[in-house]
Number of protein chains: 2
Amino acid sequence: MIDVCLLGTGGMMPLPDRFLTSLYLRHEGRVILIDCGEGTQTAIRKAELRFKPIETILLTHYHADHVSGLVGLLLTLGNESRNEPLDIYGPVGLKRVINALRVLVPELPYELNLNEISGGDTFTACGMEITAIEADHGIPCLSYGVFLKHAGKFDPEKARQNGVPLALWGRLQKGESIEGYTPEQVLGEKRQGIKLVYSTDTLPLDEVVRYGQNADLMVLEGMFGGEEKNERAELTHHSTMNQSARLALRAGAKQLWFTHYSPANPHPEEFENEVREIFPNCVISCDAQRTTLRFVD
Amino acid sequence: MIDVCLLGTGGMMPLPDRFLTSLYLRHEGRVILIDCGEGTQTAIRKAELRFKPIETILLTHYHADHVSGLVGLLLTLGNESRNEPLDIYGPVGLKRVINALRVLVPELPYELNLNEISGGDTFTACGMEITAIEADHGIPCLSYGVFLKHAGKFDPEKARQNGVPLALWGRLQKGESIEGYTPEQVLGEKRQGIKLVYSTDTLPLDEVVRYGQNADLMVLEGMFGGEEKNERAELTHHSTMNQSARLALRAGAKQLWFTHYSPANPHPEEFENEVREIFPNCVISCDAQRTTLRFVD
């Protein structure tokens, strides 16, 4: 399962009652954070979540509202006597940006592993499979797909048929390969995993629809509400709530959460009826919106 | 008069119920901001103060909790269609730090004037006279004195005696020199000005006492409470509340506000009785603590 907390829902600038958008994803006690604008560390504290388990930070792009809380977060992680390395992923420019920001954090008691990635790259973080999706924001920008595989059910009959020694069953079940035996020899067919998409700061992306087929949760841009904002969204390389709802519909997602509301969209709930007509199962998220995504079988 | 708002009172890291220390000083509609940690722009909004009148930012030093909100603030000032230049003052290193941070704000619709200053330097900002005081924090660090002069009362008798044409009286009264006449020719003796000191992140400073003689307000470090924290304060180049209270006593200040509480000092009000025994007129400041300092005569 994945515990999901949308720490903030704002875009552009933090507001007294709205933190900047950032997603906290916990799987088996290990945490991925997506984006880290000014105040994200405060949002984590307010949501009563922990800093220590954060192993990986995914950055969508380097506009300040997605990055400028990083310096403070890195320091706070250091103050928690962290010494495990921290992995940071982001589009091209990551090293230039982080190395510049380190003027304020020249010394940290842990290592930063900086990984510049592109749309289509796939890697594993915190036991989850991450896929970078090229976004269309006028500058290098990524959306992220998160997938948690669900192994087949343990099948003792199959294990016996394959002659797997009883002593190895437990570890094989957990996915380890050992003494020439593989998990497949004790497990049934793979089951349905958990899929999540996080995409903001972009024109509507077909790739989000393709990746997000039957996604358990899509967290998509709610910068603007109402059809009359289409032009403004296009000009600024953002999406409207209606456009995001259409992506969720086309993907056949189970649920859609909006985030990254413009400061000029102070009451996104006013658009609830309108977006529900497009995609009924959507949530006008508030800061610290939470859920737990579980395997269905 | 000077309107004073202590936007936040925290040190080290922002907390959900405590913004980082920053002082907003308004005189005749012009604003000086001292320090700008993560979340300061949110604190300004929460205090319902304005961004536009900020003309000058004074930075004490370049630890992140005093600077890392600057990127967001600069952007927000830009979004308010500012085109007037912004003056930033700070100790040596200012240009290196700001130029590095500009990786996140490469383009602004206004100029930044960066002024590296040292203890003893005096300059005028927003109609107030600023004095930099060398602090003792283990790295370049300044405290700031702010002084608002109070010209003498208009003296029509003196103006007549000096043969000043009636038509010039008004402008001379306001401090302009004109047509060879000076304000002194129409004004009586200078009156008592307004004096304020802002000093955090330092061992107790004799210079703060010297500058702060009879200060109307001292805003001093409250990092730690209780005598048993003297050693910790010394090690980390900070001051305890008791030490700050002794500075205010020695200076004969009218009032002392504490700020820059450590996250490990969540209830500084527990030390109120103790510090009041040293210096009675002190305030265990909360975020958005306000006052208006007025001329006494």
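Strand 7 and strand 8 of chain A form a hairpin with two residues between them. In its turn, A:Cys126 has a positive phi of about 55°. Helices (H or I, at least four residues) and strands (E, at least two) are DSSP runs, numbered from the N terminus. This is a predicted model: local features need pLDDT of at least 70, side-chain atom pairs count only at pLDDT 80 or more, and totals for chains, interfaces and linings use all residues. Residues are numbered from 1 along each chain as its sequence is written, while chains are lettered from A and ligands numbered from 1 in the order in which they are written.

- Strand 7 (residues 122–125) and strand 8 (residues 128–134) of chain A run antiparallel and are joined by four bridges. Two strands count as paired if DSSP finds at least two bridges between them.
- A:Thr124 faces A:Glu129 in strand 8 of chain A.

**Helix 3 of chain A**

- Eight of the ten residues of helix 3 (residues 70–79) of chain A are buried, so the helix is mostly covered. A residue is buried if 20 or more other C-beta atoms lie within 10 Å of its own, exposed if 12 or fewer, and partly exposed in between, with C-beta atoms placed from the backbone.
- The buried residues include A:Leu70, A:Gly72, A:Leu74 and A:Thr76.
- Their cover includes helix 1 (40–46), strand 4 (54–58), helix 2 (64–67), strand 5 (86–90) and helix 4 (94–101) of chain A. Helix 2 of chain B is also part of that cover.
- Just after helix 3 of chain A, A:Ser81 takes a positive phi of about 50°.

- One open sheet of chain B has seven strands in the order 6-5-4-3-2-1-14, with mixed pairing.
- Its edge strands are strand 6 (112–116) and strand 14 (289–293) of chain B, each pairing on one side only.
- Neighbouring strands of this sheet are turned by 20° against each other on average, direction ignored. Axes are lines fitted to C-alpha atoms, for helices over the stretch in contact, and angles run from 0 to 180 degrees between N-to-C directions.
- Strand 1 (residues 2–8) of chain B pairs antiparallel with strand 2 (residues 22–27) of chain B over five bridges. B:Asp3 stands opposite B:Arg26 there.
- Strand 1 of chain B also pairs antiparallel with strand 14 of chain B, over five bridges. Here B:Leu6 stands opposite B:Gln289.
- Six of the seven residues of strand 1 of chain B are buried, so this strand is largely enclosed by the rest of the structure.
- Helix 4 of chain B lies across strand 5 (86–90) and strand 6 of chain B, at about 150° to strand 6.

- Strand 10 (residues 191–199) and strand 11 (residues 217–221) of chain B run parallel, joined by four bridges. B:Tyr198 has B:Val219 as its bridge partner.

**B:Val208**

- B:Val208 lies in helix 7 (residues 206–211) of chain B.
- B:Val208 is buried, with 26 other C-beta atoms within 10 Å.
- Not counting residues up to four places away in sequence, B:Val208 touches B:Ile133, B:Ser143, B:Val197, B:Ser199 and B:Leu247. Contact requires C-beta atoms, placed from the backbone, within 7 Å.

- 25 residues of chain B are in contact with 25 residues of chain A.
- Helix 1 (40–46), helix 2 (64–67), helix 3 (70–79) and helix 4 (94–101) of chain B each give two or more residues to this side.
- By class, the chain B side has 14 nonpolar, seven polar and four charged residues. Ala, Val, Leu, Ile, Met, Phe, Trp, Tyr, Cys and Pro count as nonpolar, Asp, Glu, Lys and Arg as charged, and the others, Gly among them, as polar.
- The same surface serves both copies: 100% of the contact residues of chain B recur in chain A.

Technical notes: Contact = placed C-beta atoms within 7 Å.
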